[in-house]
Structures are given as structure tokens and as C-alpha cells.
Amino acid sequence: MIEETPMIRQYKHLKCEAPLGSLLLFRLGDFFEAFGDDAVRLSAAFDVPCGLRGGVSMAGCLCDSFWELARRLTASGIVFVIAEEMESRAGSRLPRREIVRTVKGGPIE
């Protein structure tokens, strides 16, 4: 059985707010990560390594290389949403995250 952590609950909550069929990229420190089915989809489409942590699939990229991945997603017609950390981490408390951008295609700046 997979233990649902507070972070995965937060991811699932934001996934419900995202447009149907979109890929959620979740800021996690210096990375943008996708989890579950989104991770498998990201990995298969763009040769991004997919791992397993706590029974949950995860795939992503460093923030420094994010815009290259974003260009590839956009060029492929994949709608994606970006969830950013809206506050700094304080001790062991999970930072609040919000969807800050939805990208549906076209040029990215």
C-alpha cells in the first residue's frame, strides 16, 4: 500500500484544480516534478528519467533546465500547469503551493 504523504495530497489537490488532461509540474526546491501518471507521461514523451519514491512515480528536471523542457512540451501541444512554492520552507512545514501559470501552446518567454 502506498502511503499518501502531505506533499502528495497537496499535489493531488492542485491536480484537481488544473485543466483536465494537463500535466502538473510541481516546484520542489530546485526541481519541477511530476508525480504518478503525469510522471510516466512526461518520462515517456520526453525521455525524462522516471523513478519511484515511496511507491509513487516521479519525473522532473532542474529549474535551470525547465524552460527547455517547457519549449518541448509546448511544441508537442501538451498543456501544462506550473505550481510554485508561495512561501519559504520553515523547518519541517510543507510550503503552500499554488498554480501560477497554465501554458496551452505558443511561444514561451
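A word on the ground rules. Residues are numbered from 1 along each chain as its sequence is written, and side-chain values use heavy atoms, with hydrogens and water left out. Since the model is predicted, local features need pLDDT of at least 70 and side-chain atom pairs count only at pLDDT 80 or more, while totals for chains, interfaces and linings use all residues.

Let's start with helix H1, residues 6–17. Helices here are DSSP runs of H or I with at least four residues, strands are runs of E with at least two, and both are numbered from the N terminus. H1 has 12 residues and reaches 17 Å from its first C-alpha to its last, close to the 16 Å expected at 1.5 Å a residue; that expected span is 1.5 Å times one less than the number of residues.

Which residues of H1 are buried? They are Ile8, Gln10, Tyr11 and Leu14. These residues sit on the same side of H1, because they cover an arc of only 155° around the axis. The arc is taken from the directions from the helix axis to the C-beta atoms. His13 and Cys16, on the other side of H1, are exposed. Buried means under 20% relative accessible area, exposed over 50%, and partly exposed in between, with a 1.4 Å probe and protein chains only. The cover over the buried residues of H1 includes helix H2 (37–46) and strand S4 (56–62).

That brings us to H2. Its buried residues are Asp38, Ala39, Leu42, Ser43 and Phe46. Seen down the axis, they fall within an arc of 130°, so they line one face of H2. As a reminder, an α-helix has 3.6 residues a turn, so residues three or four places apart point the same way. Asp37 and Ala44 are exposed on the other side of H2. The buried residues pack against H1, S1, S2, S3, S4 and helix H3 (66–75).

Ala39 has a relative accessible area of 0%. Leaving aside neighbours within four places in sequence, Ala39 is in contact (heavy atoms within 4.5 Å) with Ala34, Cys50, Ser57, Met58 and Ala59. Ser57 is 18 residues from Ala39 in sequence, yet their C-alpha atoms are 6.0 Å apart. Leu42 is buried too, at 1% relative accessibility. With the neighbours within four places again left aside, the contacts of Leu42 include Leu23, Leu25, Asp47, Leu69 and Leu73.

Most residues other than glycine have a negative phi. Asp47 lies in the loop between H2 and strand S3 (50–53) and is exposed, with a relative accessible area of 70%.

Last stop: the second largest pocket, with a volume of about 180 Å³. A pocket is an open set of points on a 1 Å grid over the protein atoms alone, where a 1.4 Å probe fits, with protein on both sides within 12 Å along at least five of seven lines; lining residues have an atom within 4 Å of a point. Of the 10 lining residues, the closest to the centre are Thr5, Met7, Ile8, Phe35 and Arg53. Ile8 takes us back to the buried residues of H1. H1 and S4 each supply at least two residues of the lining.

Key. Points joined across faces, edges and corners; volume = space filled by probe spheres on them.
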